[in-house]
Amino acid sequence: MTRKKTRPFPELLDVVASRLKPPLCFALGSPREVVDLLASHGDADTTSFQFDLYQADRIRTEAAELDLPASIECKPDLWDLPNFQTVVFPVSLGGERALKLDIIEQAYHVLAPGGVFVVLSPYEKDDFFAPALKKVFGRVHAPMEGGNNVFWCQREGERQRRRHEMTFHVRVDEETSYSFTSRPGVFSYGRFDFGARAMCEAMEIPENARVADLGCGVGTNGILAARRAGQGGSIAFVDSNVRAIALTELNAHALGVPNFETFATPTVAGPTDGTFDVVLANPPYIAQMTVARLFMDASHRLLKKGGTFYLVTKQIEAVNPLMEETYGSCEIFENRGYYIFVATR
Ligand SMILES: C[S@@+](CC[C@H](N)C(=O)[O-])C[C@H]1O[C@@H](n2cnc3c(N)ncnc32)[C@H](O)[C@@H]1O
């Protein structure tokens, strides 16, 4: 695989323009790329599919500014949408292998019979997609002369749905281990994150506590907290990724969490302010700490007076001033190479 961005995606899609038929769906892709594709190849019958509400909102806003008539859909699975004649997958540079396989599989099932799946690869020489597509679709076409970063296939016949997912186990005491289902496109696919583990070992959860898990992923941290809070406890799980929320619900039900609510939101909207004893966060430290700041501010308004906020990071220098700004002084513990900030409202 040559890691080099080649021609812009709208130009790559021109190569297969004669194959594109409405209704068309762009499956995932960064907001910038999707908006460019909508501008060049979209019409009223075009859908942009995303897992993340924040990304979806960005696409919706930019598309509206440019008067592009697309519908933007956020669902846990692509195959939850009605059938399309064409699905286009604008692949992210450095994207997760398992997610690519999952989208290939789900695209097959969301296509109408005879429908066409197009892959736009950011790699100059892509050796991943041809064999992976062949396994699901049978025949693969690579129409670019001198390069192979556009592929198309046609849905023919039938095949059984194959879900890409991995289960991982977390030991909670001598006799018990919890089993969590994870799927591609959600943080820490197939494993319990080390930072999350470090925070869960440090957290103190009073009996009957009301806990909020901000950016819950597949729900590990809140579910481990629920176990300690007992039958009288309750958990609010929050995430902007609707697949993460679906997995959290699946895991919380399977593990018998007695009282929980989920909130699919990019702004931590929904849980009631001033009602939580504990808030947990293992934020993504991206985009100049925007999400970390969002979680810090939200934790402060969600907590009761005297409630506790736990946040895990490796970036102590960058996080410390932000935590002090929100909470004044905090305690910091080191565990497993991570820093756990503990602040009291
Ligand atoms: C580093 S992961 C942590 C997941 C899980 N809590 C764990 O510890 O394994 C951060 C999570 O925050 C979510 N997230 C990112 N931006 C968000 C936002 N604006 N609002 C809510 N959740 C967000 C991501 O979807 C992801 O699931």
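Q: Which residue is the bridge partner of L214 in β10?
A: In this predicted model, strand β9 covers residues 210-214 and strand β10 covers residues 234-239, and the two pair in the parallel sense over five bridges. L214 belongs to one of these strands, β9, and its bridge partner in β10 is V238.

Q: In what order do the seven strands of the open sheet stand, and which strands are at its edges?
A: The seven strands form an open sheet with mixed pairing, in the order β11-β10-β9-β12-β13-β15-β14. Because β11 (260-264) and β14 (331-335) each have a single partner strand, one side of each is left without a neighbour in the sheet, and the strands at the edges are therefore β11 and β14.

Q: How many degrees does the twist average from one strand to the next?
A: The strands concerned are those of the open sheet that runs from β11 to β14 in the order given above. From one strand to the next, the twist averages 15 degrees.

Q: Which helix lies across β13, β14 and β15?
A: Helix α9 (residues 290-302) lies across β9, β12 and β13, where it runs at about 170 degrees to β12 (276-281). The helix that lies across β13, β14 and β15 (338-344) comprises residues 316-327 and runs at about 5 degrees to β15, and this is α10.

Q: How many residues lie between β7 and β8 in their hairpin?
A: Strand β7 (residues 166-171) and strand β8 (residues 177-182) run antiparallel and are joined by six bridges, and R171 has S177 as its bridge partner in β8. The two strands form a hairpin, and the number of residues between them is five.

Note on methods: Residues numbered from 1 in each chain as written. Predicted model: local features only at pLDDT ≥ 70, side-chain atom pairs only at ≥ 80, totals over all residues. Pairing = 2+ DSSP bridges. Helix = DSSP H or I, 4+ residues; strand = E, 2+ residues; numbered from the N terminus. Axes fitted to C-alpha atoms, helices over the stretch in contact; angles between N-to-C directions. Contact = placed C-beta atoms within 7 Å.
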